[in-house]
Amino acid sequence: MTDVNTAAAPAAGGLKTKLNREQKKLVWSVFWRTMWLMFCTSYTKQQGITFSWVLIPYLEKIYGKETDEFYDAMARHQGFFNTTPGVSPFIFSLVIAMEEERKACMDAGKPFDAGTIESIKVALMGPFAGIGDSVYSGVLRIVATGVALGFSQAGSWLGPVLFALVYNVPNVLIRYFCATYGLKLGSTYIAKMLESGTIKAFTKGFSVLGLTMIGAMTAQYVSFKTTLVADLGGTTFNLQSVLDQILPGLLPLALTLGAFAYLRKKNKPMRVLVFMFVISVVLTILGICG
């Protein structure tokens with residue numbers, strides 16, 4: 001496993017530049033096992049049960065198989081836990097390093113409060129979920145969709161391929177480096193980030209970027225125009241031209257905001273789809289839309 005003195009408790013500088021061979025194996029092991037984090041969830045513990053399952057081989061190596069310390073650690077890590085799976089390797093690596101530090105303290109006859117590990121884990125899951133959700137839902141998914149949508153509409157096979165690449169290449173890198181820096185950075189450094197507001201700044205920045213991408217995709221891909229043209233006393237009235245003078249893309253924006261407001265209040269997407277289909281047919285029959 002890892003070297004406790006270098007991985008779990010870095011110096012004030014806070015960052016060890018290189019990992020040894022055992023630590024690299026640990027990083028890849030955490031990388032693959034955290035893929036199962038969402039395999040078993042519940043309303044009461046969310047990812048808590050799977051969190052302890054991911055830790056089984058590491059806790060066995062630290063405390064020994066079927067020892068009292070192993071079972072105590074397993075029970076300790078079955079509490080409530082919920083964060084974005086993509087950034088969870090950071091927390092897992094940090095927890096493993098702290099468990100090793102605890103074992104080293106026990107062997108040396110020094111005190112180590114096991115509650116500290118749980119406190120750090122619980123303290124990190126919220127901020128990291130904010131960053132992870134902003135990155136994955138607010139940025140990666142939208143950027144991947146924006147890149148792939150044009151190719152897909154043209155019937156090109158590059159659409160789904162580009163979506164998978166644009167989304168999953170950053171996903172793999174994020175998971176790997178989260179597992180790596182979970183070993184390189186200590187709990188003290190993370191506590192300083194929480195106190196200084198650095199994590200909140202990251203979350204807000206990614207949220208703004210995601211909203212910007214949503215606005216750009218709405219303008220580019222949501223198509224809703226009126227074809228209503230009327231003769232008013234010898235003057236041609238073009239409703240779409242009037243709307244464009246007020247605000248270009250007014251109808252697509254109104255449609256998107258209306259759907260968003262309803263989904264936020266009712267969360268019934270099938271009703272939105274049925275309504276859009278019905279209103280499209282009715283407006284086309286009436287000659288309002290082409």
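Q: Why is V281 called partly exposed?
A: Its relative accessible area is 35%. Buried means under 20%, exposed over 50%, and partly exposed in between (1.4 Å probe, protein chains only). So V281 counts as partly exposed. V281 is found in helix α12, residues 269-285.

Q: What kind of model is this, and how are its residues numbered?
A: This is a predicted model: local features need pLDDT of at least 70, side-chain atom pairs count only at pLDDT 80 or more, and totals for chains, interfaces and linings use all residues. Residues are numbered from 1 along each chain as its sequence is written, and side-chain values use heavy atoms, leaving out hydrogens and water.

Q: Why is α6 called roughly antiparallel to α7?
A: Helix α6 (residues 115-153) and helix α7 (residues 158-184) pack at an angle of about 155°. Angles run from 0 to 180 degrees between N-to-C directions. Over 145 counts as roughly antiparallel. Therefore α6 is roughly antiparallel to α7. Their axes are 7 Å apart.

Q: What makes E66 exposed?
A: Its relative accessibility is 63%. Exposed residues have over 50%, so E66 counts as exposed. E66 is found in the loop between α3 and α4 (68-76). Its phi is near 55°, a positive value in a residue other than glycine.

Q: How do you know that Q46 is partly exposed?
A: Q46 has 25% relative accessibility. Q46 lies in the loop between α2 (21-33) and α3 (48-63). Q46 has a positive phi of about 55°, although it is not a glycine.

Note on methods: Helices (H or I, at least four residues) and strands (E, at least two) are DSSP runs, numbered from the N terminus. Angles under 35 degrees count as roughly parallel, over 145 as roughly antiparallel, 65 to 115 as roughly perpendicular and the rest as oblique.
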